[in-house]
Amino acid sequence: MKTLMINAHPDFKKEDSFSFKLKEMFLEAYGQLYPNEQPEVLNLYDIQLPRIEKNQLLNVWHKQREGEKLSEVEELISTKTSELLQQFKAYKRIVIISPLHNFNITSRLKDYIDNIMIARETFKYTESGSVGLMTDNYKALYLQASGSIYTNDDRYKLLDFSYHYLKAMFEDIMGFEEFYVVRAQGTAILPENDILNDAKLDLKQVLSSFYAK
């Protein structure tokens with residue numbers, strides 16, 4: 001099944017990172033399910049990603065609302081945002097790879113979300129609140145690496161803002177059918193084999209539902 005893999009690790013080529021190992025784990029499992037296919041990979045730290053700044057998206061959005069002519073640079077920004085949005089909408093399965101940074105997603109992943117959270121494209125406003133437009137069997141899977149453990153019933157559980165944020169954006173705002181998470185957690189305190197074995201088991205349990213039509 002067509003899958004878009006969004007890699008939000010700042011050092012996405014670092015083979016000894018747990019994010020890299022999660023990616024390889026997923027690709028191996030994907031290859032067993034779909035031996036004749038490959039996911040499309042988008043490395044966020046390898047592209048020029050428009051940001052919500054005065055001289056970037058803020059100016060572009062303002063000029064578009066006012067019907068003003070965009071500068072050459074602004075045209076490039078607008079084109080890139082449009083390309084990212086159309087790419088995102090073209091895939092029914094989205095896989096996100098991101099380490100947990102200060103209890104949240106990486107900064108470049110937030111920039112990416114700002115490029116695809118577009119009214120009348122992935123959601124719309126109504127009198128009773130926003131409604132998601134990504135409702136045609138769209139599903140997302142979050143592969144997260146974290147130094148601590150965030151699934152115990154302690155204070156860390158509520159501090160995993162990345163999971164709560166992404167789940168809300170994908171399910172509650174954009175209308176995705178499901179948002180799954182597979183964790184390689186405790187990387188600062190647990191043996192690597194234990195971490196990866198647990199993640200592999202979780203991935204195996206998730207994939208059948210993730211790719212169910």
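In this predicted model, helix α2 (residues 54-66) packs against helix α3 with an angle of about 90 degrees between them and with their axes 9 Å apart. Because angles of 65 to 115 degrees count as roughly perpendicular, α2 and α3 are therefore roughly perpendicular to each other. On the α2 side the contact is made by N55, Q56, L57, N59, V60, K63 and Q64, and these residues meet E74, I77, S78 and T81 of α3. By class, the contact of α2 with α3 consists of 3 nonpolar, 6 polar and 2 charged residues.

Helix α3, which spans residues 72-89, also meets helix α4 (residues 107-116), the two axes coming within 8 Å and crossing at roughly 85 degrees. That angle makes α3 roughly perpendicular to α4. Here T81, L84, L85 and F88 of α3 are in contact with Y112, N115 and I116 of α4, and the residues of this contact divide into 5 nonpolar, 2 polar and no charged. An α-helix has 3.6 residues a turn, so residues three or four places apart point the same way.

Leaving out residues up to four places away in sequence, Q87 touches L4, E40 and L42.

Helix α5 (residues 161-173) has S162, Y163, L166, M169, F170 and E171 among its buried residues. What covers the buried residues of α5 includes helices α3 and α4, together with strands β3 (93-99), β6 and β7 (178-185). The helix is followed by G175, whose phi is positive, near 85 degrees. G175 is also one of the contacts of G132, a residue of strand β5 (residues 129-132). G132 counts as buried at 14% relative accessibility, and, apart from neighbours within four places in sequence, G132 is in contact with T122, F123, I173, M174 and G175. The C-alpha atoms of G132 and A119 are separated by 9.4 Å, the two residues being 13 apart along the chain.

F103 lies in the loop between β3 and α4 and is partly exposed, with a relative accessible area of 30%.

With a relative accessible area of 4%, K139 is buried, and the side chain of K139 reaches the backbone oxygen of S209 at 2.6 Å.

The remaining part of this account concerns annotated positions. In an unreviewed entry, UniProt places the feature "binding site" at S17, F18 and S19. S17 is found in the loop between β1 (3-7) and α1 (18-33), whereas S19 lies in helix α1. S17 counts as buried at 9% relative accessibility, and S19 counts as buried at 3%. Setting aside its neighbours within four places in sequence, S19 is in contact with H9, I97, S98, P99 and A145.

UniProt also lists residues 1-205 under "domain: Flavodoxin-like fold", again in an unreviewed entry. In the model, the end C-alpha atoms of residues 1-205 lie 18 Å apart, and the span is 41% helix and 20% strand.

Note on methods: Residues are numbered from 1 along each chain as its sequence is written. This is a predicted model: local features need pLDDT of at least 70, side-chain atom pairs count only at pLDDT 80 or more; totals for chains, interfaces and linings use all residues. Side-chain values use heavy atoms; hydrogens and water are left out. Axes are lines fitted to C-alpha atoms, for helices over the stretch in contact, and angles run from 0 to 180 degrees between N-to-C directions. Helices (H or I, at least four residues) and strands (E, at least two) are DSSP runs, numbered from the N terminus. Angles under 35 degrees count as roughly parallel, over 145 as roughly antiparallel, 65 to 115 as roughly perpendicular and the rest as oblique. Contact means heavy atoms within 4.5 Å. Ala, Val, Leu, Ile, Met, Phe, Trp, Tyr, Cys and Pro count as nonpolar, Asp, Glu, Lys and Arg as charged, and the others, Gly among them, as polar. UniProt positions are given in the numbering used here, feature names are shortened, and annotations may be inferred rather than shown by experiment. Buried means under 20% relative accessible area, exposed over 50%, partly exposed in between (1.4 Å probe, protein chains only). A polar contact is a pair of N or O atoms within 3.5 Å; within protein, one must be able to donate a hydrogen and the other to accept it, and residues adjacent in sequence count only if both atoms are side-chain atoms.
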